[in-house]
Amino acid sequence: MSSVGKSVSHESAFGHVTGSALYTDDLCTRFPNLLHAWPVQAPHAHARVLNIDTSAASAAPGVVKVLGPADVLGENNTGAARRDEPLFPEEVEFHGQPVAWVLAETHEQAVQAAQRVAVEYEVLPAIIGIEAAEAAGSYLTEPERIERGDVEGALQRHETLEGKFFVGGQEHFYLETQCALAYLDEADSVLVQSSTQHPTETQEIVARVLGVSKNQVVVQSLRMGGAFGGKEVQANVFAAIAALGSRLTGRPVRARLDRARDMMLTGKRHPFLGRYRVGFDRQGKLHAFDLQLTSDGGYSLDLSAPVLGRALFHCDNAYNVPNLRVVGRVAKTHTTSHTAFRGFGGPQGMVMIEDAIDAVARHLNLPPHVVRQRNFYQEGDTTHYGQPVKDAERIGRIWDRLLETSAFEQRWQEAESFNASSTAKKRGLAITPVKFGISFTAKYYNQGGALVLVYRDGSVQVNHGGTEMGQGLHTKMRQIAAHTLGIPLASVRIMPTRTDKVPNTSATAASSGTDLNGAAVADACRTLRERVLEVAGRLLGHDPGDLVVDEGVIHARGDGGAERSLSFREVVDRAYLDRIQLSSTGFYRTPEIHYDRIKGRGKPFHYFAYGAAVTEVEVDGFTGMYRILRTDILHDCGASLSPLVDRGQVEGGFIQGLGWLTQEELWWTPEGRLGTVNASTYKLPSLGECPEEFRVELLERAAEPGVIYGSKAVGEPPFMLAISAREALRQAVASFATTHDQLASGVPLASPATAEAVFWAIDGLGASALSAEVSSAAQVAE
């Protein structure tokens, strides 16, 4: 019986629900002489550090050391993409940036002592927000461009609209905040337990700060309580502080942030500002799209360049625009450095063209879903960067199937009838597609490694380069190993991710964790399977190619075990006695991907994942409050390796996208202080915001050749399905208009589309039936 394609529980599900699953901070109880690190934070968004006096803090009870720039043994910088993130800065570039760290016997003592560090600053002007950065000419990158066709000529030949759209950032709000625990091992090398998506990069940064080679540092990622991209790069600084403190004191050091500090110090999803011109004909077919994107990168580069690049790649979503130009640039502001987040710039690019398509539909008085469908990619089309859109027919197949299963046309008519009879409340229905490219856009990251160990009792340990953050990667690796070896799932154990087991790994990101590491695990398991079957062939008197392994039983193909058979355990034990190697490494690299950034042409993605969602909402025009009545999703996961895991990713991705587009609003003061630093001021989606009716299906007959067992990535693509909720809200807002003239230039709706934003969008339509009813009510009251 195959382990692949079965709905199995998450491999740590029992530990999650019982509380027995350990996370980085849970390991602290093993170290009775543990020190606790706490930051000394700057109260300015931009300032020069003139002097730091640590004498009072050093004399405080329990303080062992106060770390500063003079204590760095190697390089005082943790920047990954560019060395622009000093561990101890001479110039503060965001509010709350640590300028020193206190190490004390208890957490409370460290917090109290940090308040006694006296720092003298010279306050400097701060740049807050994209438009302020544009006005000041403050940027982290040069412009990047992708262009095809004659954009200006097409705009001149067709009717045009212009738009400007700002889409806000998003806090990761992983349940487990940033945490690292460092200690010296028996060889006096540093071992770091880190809540990181990228152990290899964490290893590199720690080695850099300590001034040692990488083989003197081991990083382990046991598991993470969520990450969503926020621990791909930004876990490094906390690991570096813990490691430096441990090296200097000889004691274990824990660096863990509380929620407020985590939100203050870590980057968010990048805010984007888009300005566009769109050219179209009277049937709603787009002929030109000219888009300018500026992202807010914060104070340092981090991953802002590739995030912007993916936005450029995905500004077409599922639509074929023959003349398209997109130019993007990353602005430098004095806020925390924004970073990776599920979708990695793709969502910000997609919402721009969805905004433009809706404006075109309103202008032409056509249903938005009709205009969307008329612009879909077809078989044989290529993207604006020259990549063929493989399996483009799936866009239409998913769309048509979802229109049918969601009863879209019937519900569209029902919503119109409801709106005609209701003045104060209106309903909106929308369907939107998703086309998302899968691969790291940095080619060298598209590789995965594994180490698989088989023991004499037939049990197996699997080590691979991916990290588990709750997404089910380890569950899929376990299924792949069991399936490839032909043994029961219970015989396979997934080990914590460590840099001394699988070196030079890529981050678990870009939705590629299963594609890369799963293929590497399968590669190692195939090697071991061949070795085991060679031994079994001699014992059973059969050619190894005639043997099969099924649930740990080896027998000749076709006899179902009726003739003589051997257990996997028996054959493995004999292989050991015959001195056959029972461990193997595995490796995989994604084939046939390339991209020329100068020319803006290539094949940066191995394949595309597709999906679509229908969402219906009901809006109260007096308050802007709304309910999400129903969501229907049909998503392409290829031949799903683990349907239960994949379904959870689709549901979770949609809800997280829903939060970004409708509720989660980051706010900075003009001085650069983040005003939304906890769940009381930053609204997250909860059970109450879930669709009252939530239907999710995975596309059938969708196997993807050349990917591990025909599967497709599922981490990021479902996030963009939540655009359907934003467009449903816009449709409901539009229903408050009484004439088409009110909609001719589009229906502006801020992002996130909070209740307040929806209210002002309705108000912005001008005279409406709602305002007329308010006037009538006022007259009656008089």
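Modeller: Two strands pair if DSSP finds at least two bridges between them; strands (E, at least two residues) and helices (H or I, at least four) are DSSP runs numbered from the N terminus. This is a predicted model, so local features need pLDDT of at least 70 and side-chain atom pairs count only at pLDDT 80 or more, while totals for chains, interfaces and linings use all residues. Residues are numbered from 1 along each chain as its sequence is written, and side-chain values use heavy atoms, with hydrogens and water left out.

Colleague: Fine, start with a sheet. In the open sheet with the order β4-β2-β6, which strands stand at the edges?

Modeller: That sheet has 3 strands and antiparallel pairing. Two of them have a single partner strand each, so one side of each is left without a neighbour in the sheet. Those edge strands are β4 (91–92) and β6 (118–123).

Colleague: And which residue of β6 is the bridge partner of Arg48?

Modeller: Look along strand β2, residues 47–53, which pairs with β6 over 6 bridges in the antiparallel sense. Follow Arg48 across to β6 and you land on its bridge partner, Glu122.

Colleague: Now β17. Why would you say it is largely enclosed by the rest of the structure?

Modeller: I go by burial, where buried is under 20% relative accessible area, exposed is over 50% and partly exposed is in between (1.4 Å probe, protein chains only). Strand β17 covers residues 447–454. It is largely enclosed because the number of buried residues among its 8 is 7.

Colleague: What does β17 pair with, and over how many bridges?

Modeller: Both pairings are antiparallel. In strand β24 (residues 583–589), Ser583 is the bridge partner of Leu453. Between β17 and β24 the count is 7 bridges.

Colleague: Which residue in the turn of the β17 and β18 hairpin has a positive phi?

Modeller: The hairpin has 5 residues between its two strands.

Colleague: On to Cys525. Is it buried or exposed?

Modeller: Cys525 lies in helix α15, residues 513–540. Its relative accessibility is 0%, so Cys525 counts as buried.

Colleague: Which residues is Cys525 in contact with, leaving aside neighbours within four places in sequence?

Modeller: Contact means heavy atoms within 4.5 Å. Pro306 makes a handy landmark elsewhere in the model: it is 219 residues from Cys525 in sequence and 34 Å away in space, C-alpha to C-alpha. The contacts of Cys525 are Val452, Ala481, Thr484 and Leu485.

Colleague: Let's talk holes. What is the volume of the largest cavity?

Modeller: On a 1 Å grid over the protein atoms alone, a cavity is a set of points where a 1.4 Å probe fits but cannot get out; a pocket is an open set with protein on both sides within 12 Å along at least five of seven lines, and lining residues have an atom within 4 Å of a point. Points are joined across faces, edges and corners, and volume is the space filled by probe spheres set on them. The whole structure has 4 cavities of 30 Å³ or more. The volume of the largest is about 290 Å³.

Colleague: Which element gives the most to the lining of that largest cavity?

Modeller: The lining has 19 residues, with Glu85, Phe94, Val237, Leu265 and Tyr299 nearest the centre. β5 (98–104) and α7 (236–249) each supply at least two residues. With 3 residues, the element giving the most is α7.

Colleague: And for the largest pocket, where does the largest share of the lining come from?

Modeller: This pocket holds about 1,100 Å³ of space. Of its 49 lining residues, Phe228, Arg342, Met469, Gln471 and Gln649 are the closest to its centre. α14 (473–485), α15 and α17 (643–662) each put in at least two residues. The largest share, 5 residues, comes from α17.

Colleague: Last one: which element has the largest share in the lining of the second largest pocket?

Modeller: Here the volume is about 790 Å³. There are 42 lining residues, and Phe165, Phe166, Gly168, Ala750 and Ser751 lie nearest the centre. Elements supplying at least two residues each include α4 (130–136), β13 (272–280) and α10 (346–364). The largest share, 5 residues, belongs to β8.
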